[in-house]
Amino acid sequence: MKAAVLETPRHVSVVEVPDPDAGDDVLLRMRAVGLCGSDLHTWAGHHPFRKPPVVLGHEGAGEVVSSGDPRFRAGDRVAVMPALSCWECTRCEAGNPHLCRHKRVPGLGWAGMLSEYFVAPARVLVPLHDDIGFDEGAMIEPVAVGWRATSGVRAGDAVAVLGGGAIGSLAAAVSRHRGARMVMVSDVKQHNREFLASQGVKLVVDPIASDLVSVGVEASGGDGFDVVVVASGHPSCLAEALALCRPRGQVLLLPMFGGALSVDLNPVVLKEVTVQGSTIYTPADFAAAARLVNTRALDVRPFISAVVPLGQVPEVLLAIDAGADHLKTQIDPTR
Ligand SMILES: [Zn+2]
Ligand SMILES: [Zn+2]
């Protein structure tokens, strides 16, 4: 089969690799695979644990070719939760399988998805409704990231999201679904700001052209936001988030930061702010995201900027790295 293999940093080739052996698991023909910020980090050689040579891709949906598990049959349409936990370690037993000590993910102990075929155990597959496209199915993974990141949002909250790329935009959409009374999103890219405005986000701020903290605090009613989601790794975001957060509010950190940050922590003490990290999702978060996508309670179709053939992966990664306008680019490995 063909696969997009990252051979050395910044060099991807679409090459023939051996067909995978499904054993007792499920063999999928991949139909849509999203590219994400962490694929870009891996491509650039900065990812903390995904290192070349590796097949990229972890946001995927496909069609069952054959199944060693009676829960699935040939022709079933599914999305993949790309995290395999051991269910035996102390972290799994404590109800945090996403923090499993022995977790395997695509690119670490498990193949990546940017290939014609992919093998997964039945327990991480989620059926897609008949009228839901594979492209929508491949969005369940980033929606699950946004769902977990906004788990602190309550009805009536004011929410700020710093960074309006795919994950930030989805976190904003999910916050509104959770009943936020107002959502502000900041992003330096005009393309992303226009997209957010088109999606009904009322307050979209360019943090270069305006003073994000004063605009935000005023818009929140003067006391700051109940929840601030940091979805950009830009070094200024952490200080801005602490300034935008109300007393006893929550700052949620999503990105992989490029290095150590220096930040004034006095606002954390003086306002009793909670700073919380968020990494991937639990199976319950993934199931919630699958419900949102399968019912179109959250319509993810506008978030998909382009779907391109597998052979274009090398150019597409270069273009995204060069700053091309896009929100979510997906690959169709059958093309
Ligand atoms: Zn991702
Ligand atoms: Zn475990």
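This is a predicted model: local features need pLDDT of at least 70, side-chain atom pairs count only at pLDDT 80 or more; totals for chains, interfaces and linings use all residues.

Trainee: Is serine 186 buried or exposed?

Mentor: Buried. Serine 186 has 29 C-beta neighbours inside 10 Å, and the cut-off for buried is 20 or more.

Trainee: And which strand does serine 186 lie in?

Mentor: Serine 186 lies in strand β12, residues 182-186.

Trainee: How far is serine 186 from alanine 44?

Mentor: Their C-alpha atoms are separated by 25 Å. Along the chain, the two residues are 142 apart.

Trainee: Back to β12. What is the strand order in its sheet?

Mentor: The order is β13-β12-β11-β14-β15-β16. That is an open sheet of six strands, with parallel pairing.

Trainee: Which strands are at the edges?

Mentor: β13 (203-205) and β16 (274-277). Each of them pairs on one side only.

Trainee: How much are neighbouring strands of this sheet turned against each other?

Mentor: By 15° on average, with direction ignored.

Trainee: Which helix packs on the sheet?

Mentor: Helix α5, residues 166-177, packs there. Helix α5 touches β11 (158-162), β12 and β14. The direction of α5 makes about 175° with that of β12.

Trainee: Pick a strand pair for me. How many bridges do β14 and β15 pair over?

Mentor: Five, in the parallel sense. Strand β14 covers residues 225-230 and strand β15 covers residues 245-253. Within that pair, valine 227 stands opposite glutamine 250 in β15.

Trainee: Switching to helices. How do α7 and α8 cross?

Mentor: Their axes come within 9 Å and cross at roughly 25°. That makes α7 roughly parallel to α8. The crossing is right-handed. For reference, α7 is residues 212-219 and α8 is residues 237-244.

Trainee: Why give both an angle and a distance?

Mentor: Two packed helices are described by the angle between their axes and the distance between the axes.

Trainee: Which residues meet there?

Mentor: From α7, Leu212, Val213, Gly216 and Val217. From α8, Glu240, Ala243 and Leu244. The residues of this contact divide into five nonpolar, one polar and one charged.

Trainee: New topic. What about the sheet with β1 in it, what order does that have?

Mentor: β2-β1-β4. That one is an open sheet of three strands with antiparallel pairing. The edge strands are β2 (11-16) and β4 (54-55), and each pairs on one side only.

Trainee: How many bridges join β1 to β2?

Mentor: Six, and the two strands run antiparallel. Lysine 2 stands opposite glutamate 16 in β2. The hairpin of β1 and β2 has two residues between the strands. In that hairpin, arginine 10 takes a positive phi near 75°.

Trainee: And how many bridges join β1 to β4?

Mentor: Two, with the strands again running antiparallel. Strand β1 itself is residues 2-8. Leucine 6 stands opposite valine 54 in β4, and valine 5 has valine 55 as its bridge partner.

Technical notes. Residues are numbered from 1 along each chain as its sequence is written. Chains are lettered from A and ligands numbered from 1 in the order in which they are written. Axes are lines fitted to C-alpha atoms, for helices over the stretch in contact, and angles run from 0 to 180 degrees between N-to-C directions. Helices (H or I, at least four residues) and strands (E, at least two) are DSSP runs, numbered from the N terminus. Angles under 35 degrees count as roughly parallel, over 145 as roughly antiparallel, 65 to 115 as roughly perpendicular and the rest as oblique. A crossing is left-handed if the near helix is turned anticlockwise from the far one by less than a right angle, and right-handed if clockwise. Two residues are in contact if their C-beta atoms, placed from the backbone, lie within 7 Å. Ala, Val, Leu, Ile, Met, Phe, Trp, Tyr, Cys and Pro count as nonpolar, Asp, Glu, Lys and Arg as charged, and the others, Gly among them, as polar. Two strands pair if DSSP finds at least two bridges between them. A residue is buried if 20 or more other C-beta atoms lie within 10 Å of its own, exposed if 12 or fewer, and partly exposed in between; C-beta atoms are placed from the backbone.
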